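Let's take a friendly walk through a protein model together. Keep the structure open as you read, and find each part as it comes up.

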Amino acid sequence: MRLIRLTAVLVGISLAVVPGTAVTAAGSDDRLSWGARLLGRQALPVNDGWAAAGPGTTGGSAAAEDQIHVVDSRTELVAALGGDNATNRTNATPKIIYVRGSVDGFEAADGTLLDCTDLADPEYSLPAYLAAYDPAVWGRVAPSGPLEAARVRSVANQTRQTQINVGPNTTIVGLHGATLTGLTLMLDGASNSIVRNLTFDDARDCFPAWAPTDGENGNWNSQFDLVSVRRSENVWVDHSTFTDGDNPDSAQPVYFGRPYQVHDGSLDITHTASRVTVSYNRFTDRDKVMLIGSSNTVGPDVGRLNVTLHHNLFAGTLQRLPRVRFGQVDLYNNHYQLASGADFQYALGVGVQAALYAENNFFALSDGIAPADLLYDWGGTAVTERGSWVRTDGGWPRPTSLLDAYNSTHEPDLGADAGWTPTLRAAPPLPTALVPLAVQLLAGANRLPV
């Protein structure tokens with residue numbers, strides 16, 4: 001037991017389990033090690049970020065033995081989540097699901113892999129879409145008519161296939177090397193859920209939409225995130241890796257003078273979701289990473305969208321690290337490796353009524369990125385930022401005020417007080433100088449003892 005506790009300390013986990021639940025080596029599937037069963041029953045540690053608020057986050061830790069599943073296909077994953085992808089989001093039965101190997105969202109019921117042409121509406125084709133809505137022909141107005149309607153029907157086909165719906169009281173744990181590819185894990189109304197030790201790869205949109213008035217020159221917009229948290233409370237996303245794999249947006253073609261972007265967010269938290277902890281994850285080589293709040297409309301999101309991010313790695317990422325609206329967001333001990341030159345946009349987006357508290361985060365910058373580039377004002381008024389260190393172009397790291405750097409080159413200034421102080425932290429923040437070592441060692445999938 002002392003060795004197990006030492007291992008737990010080294011990988012940054014707690015051995016807390018829900019009182020009254022058994023942790024045994026015996027059970028419904030002999031493919032599970034004792035360590036895997038321990039992690040499946042683990043609850044979020046006390047005070048570990050916003051997901052510890054209220055009742056805390058226990059996921060499927062109270063699952064009966066017949067609700068413990070090992071899955072290695074889309075069909076098995078859907079069955080474990082309740083049996084019907086269309087209604088699984090309402091299945092509140094406590095359940096623990098272990099993912100083994102690679103589960104592909106494009107996998108048909110017979111095990112064959114579909115492609116985009118299989119999901120396209122008969123009246124849709126990309127060449128026809130490009131010909132019809134070329135701004136030189138169509139103008140700078142939103143697409144409409146039969147081809148756009150066919151694209152929308154195609155997106156609905158893909159949603160039914162690749163969006164995997166999760167219900168409340170669920171724990172999903174990846175066994176070593178587990179990958180969810182080509183799918184969106186949708187936690188919509190999935191309160192009290194835990195997702196750990198998974199690699200999320202290439203949730204590509206087969207049918208991006210052309211938005212001619214998005215920005216100065218228009219943009220291609222895609223729909224599918226790797227993980228989406230909506231209308232949920234008490235969600236813990238931990239020790240996972242988010243990537244586009246061998247299909248990055250940088251490799252896509254250019255249409256209408258704009259990159260044909262087939263990916264949306266890595267982990268978006270929207271639509272009144274709240275009490276979310278995001279810990280020890282890797283977000284690598286992606287454009288859009290994390291949107292907290294999806295609209296500037298003052299309404300149901302006010303008082304919601306409370307999120308903690310700690311000990312995460314953002315490497316080769318371009319924007320939304322995160323972008324925040326409305327919520328009280330605690331951002332501490334995260335490591336940023338930002339080296340994407342002209343494509344880089346910003347790290348921390350301060351949006352409407354955002355209350356972002358950033359403490360002891362480490363930023364390694366190159367390709368001409370400066371400290372003044374790290375904040376972006378999306379309609380916010382203030383950010384609490386302290387303990388930041390910056391290393392520029394391989395030089396020596398040093399304490400740097402991102403807020404002072406931003407205010408020295410931008411108008412209007414952002415204020416220095418976000419109006420709150422975090423209290424939900426499982427331990428005091430590490431000194432910033434230690435953050436790169438801790439995060440590189442501990443963050444991402446395949447670092448937990450399963």
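Start at Trp138, which sits in helix H6 (residues 135-138); helices (H or I, at least four residues) and strands (E, at least two) are DSSP runs, numbered from the N terminus. This is a predicted model, in which local features need pLDDT of at least 70 and side-chain atom pairs count only at pLDDT 80 or more, while totals for chains, interfaces and linings use all residues. Residues are numbered from 1 along each chain as its sequence is written, and side-chain values use heavy atoms, with hydrogens and water left out.

The cut-offs are under 20% relative accessible area for buried and over 50% for exposed, with partly exposed in between (1.4 Å probe, protein chains only). Together with Val137 and Val141, Trp138 forms a nonpolar patch on the surface, with about 270 Å² of accessible area for the three together. Such patches are made of residues with over 30% relative accessible area and no salt bridge; like charges are joined within 9 Å, and nonpolar side chains (Val, Leu, Ile, Met, Phe, Trp, Tyr) within 5 Å. Accessible areas come from the Shrake-Rupley method with a 1.4 Å probe, and for residues only the protein chains shown count as cover.

Now look for the strands. An open sheet is formed by 10 strands in the order S1-S2-S5-S8-S13-S18-S21-S24-S27-S30, with parallel pairing. At its edges are strand S1 (68-71) and strand S30 (383-386), each pairing on one side only. Two strands pair if DSSP finds at least two bridges between them. Within this sheet order, strand S13 (residues 233-238) pairs with strand S18 (residues 274-279) in the parallel sense over five bridges, and Val237 stands opposite Val278 in S18.

Strand S31 (residues 389-392) has two partners to find. With strand S28 (residues 362-365), S31 pairs in the parallel sense over four bridges, and Phe362 stands opposite Trp389 in S31. With strand S32 (residues 398-399), S31 pairs in the antiparallel sense over two bridges. The hairpin of S31 and S32 has five residues between the strands, and there Asp393 takes a positive phi near 50 degrees.

Next comes helix H9 (residues 435-442), whose buried residues are Val435, Pro436, Ala438, Val439 and Leu442. Seen down the axis of H9, these buried residues fall within an arc of 165 degrees, so they line one face of the helix. The arc is that of the directions from the helix axis to the C-beta atoms. The exposed residues Leu437 and Leu441 are on the face of H9 turned away from its buried side. Just after H9, Gly444 takes a positive phi of about 105 degrees.

Finally, turn to the charged side chains. The structure holds 15 salt bridges, each a side-chain nitrogen of Lys or Arg within 4 Å of a carboxyl oxygen of Asp or Glu. Which residue forms a salt bridge with Asp330? The partner is Arg425, with the closest N and O atoms 2.8 Å apart. This pair links distant parts of the chain, 95 residues apart: Asp330 is in strand S24 (residues 328-332) and Arg425 in the loop between H8 and H9. Arg425 also meets Glu359 in a salt bridge (2.8 Å, N to O). Glu359 lies in strand S27 (residues 355-359), so this pair ties together parts that are 66 residues apart in sequence. Asp330 counts as buried at 1% relative accessibility, Arg425 at 16% and Glu359 at 15%.
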